[in-house]
Amino acid sequence: GDNNAPLICGFIVPKNTREEISSDPIEIDKALTEVWLKALENAPISIAFLDSKANVTQSNSAFRQLAGKKQPHGWNLHEMVDPEQHALLDEKLKEVSLSVSQDTITPIEIKIADETERNALLYLSHMGENGEGFIAHLVDTTRQKSFEQRMVQSQKMQAVGQLAGGIAHDFNNLLTAMIGFCDLLLIRHPAGDPSFPDIMQIKQNANRAANLVR
């Protein structure tokens, strides 16, 4: 709609009916944690939790695949970002940490620090008033970036083609006039006239130029 309402995604997790229902709060909490971790791990959206120094405390499979990491935690977010963008990342982390709202701040476009030349949008938000750290989401934009570059290149080639076509058309009009005036001069200066060879040279070269333009 036009109200820019956020999209809320839900995950349906089947309950294992073979297990007996326990009333022990510890077992219930453990079961809920396992369900939560499984839902996080299998989520198609890249999600990671960071501490106040951007160390990854937990990440799901989609996030690790895009980041090029195997371990779900124990590494820093800076490791997956191109070194030239570390200052930009630090600035964005500071901006998020100082933000009053828990809403996700405008994402930054990053380059993944590997040889694949991948690009991604990094969304950051903080844990909340009582928690230190960040929530990070990654969206792979490599294909989109490649498509945009091809579109820009295509538009450039189209512009060059229009420019060349326009110049060729205008130049051809000039050559047509030159050839026409040469024909008029040849009527007044036929073969045997001292000017005849010079006029023929002009006409021949004008015809060559017309062929080149064509």
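Begin by selecting Glu79 and Lys69, whose side chains form a salt bridge with an N to O distance of 2.9 Å. Glu79 belongs to the loop between β3 (75–76) and α3 (86–97), and Lys69 to the loop between α2 and β3, so this contact ties together parts that are ten residues apart in sequence. Colour the two residues by accessibility: Glu79 is partly exposed at 44% relative accessibility, and Lys69 is also partly exposed, with a relative accessible area of 25%. The model on display is a predicted one.

A search of the whole structure returns four salt bridges; the tour continues with two further pairs.

Select next Arg64 and Glu41. Their side chains meet in a salt bridge at 2.6 Å, N to O. This pair links distant parts of the chain, with Arg64 in helix α2 (residues 61–67) and Glu41 in helix α1 (residues 25–42), 23 residues apart. Arg64 has a relative accessible area of 11% and is therefore buried, the cut-off for that class being under 20%. Glu41, at 26%, is partly exposed.

Finally, move to helix α3 and select Lys92 and Glu95, which both lie in that helix, three residues apart, or about one turn. A salt bridge joins their side chains, with 3.1 Å from N to O. Display the surface around each residue in turn: Lys92 is buried, with a relative accessible area of 11%, whereas Glu95 is partly exposed at 38%.

For context, side chains of opposite charge can pair when their charged atoms come close.

Methods. Residues are numbered from 1 along each chain as its sequence is written. This is a predicted model: local features need pLDDT of at least 70, side-chain atom pairs count only at pLDDT 80 or more; totals for chains, interfaces and linings use all residues. Side-chain values use heavy atoms; hydrogens and water are left out. Helices (H or I, at least four residues) and strands (E, at least two) are DSSP runs, numbered from the N terminus. Buried means under 20% relative accessible area, exposed over 50%, partly exposed in between (1.4 Å probe, protein chains only).
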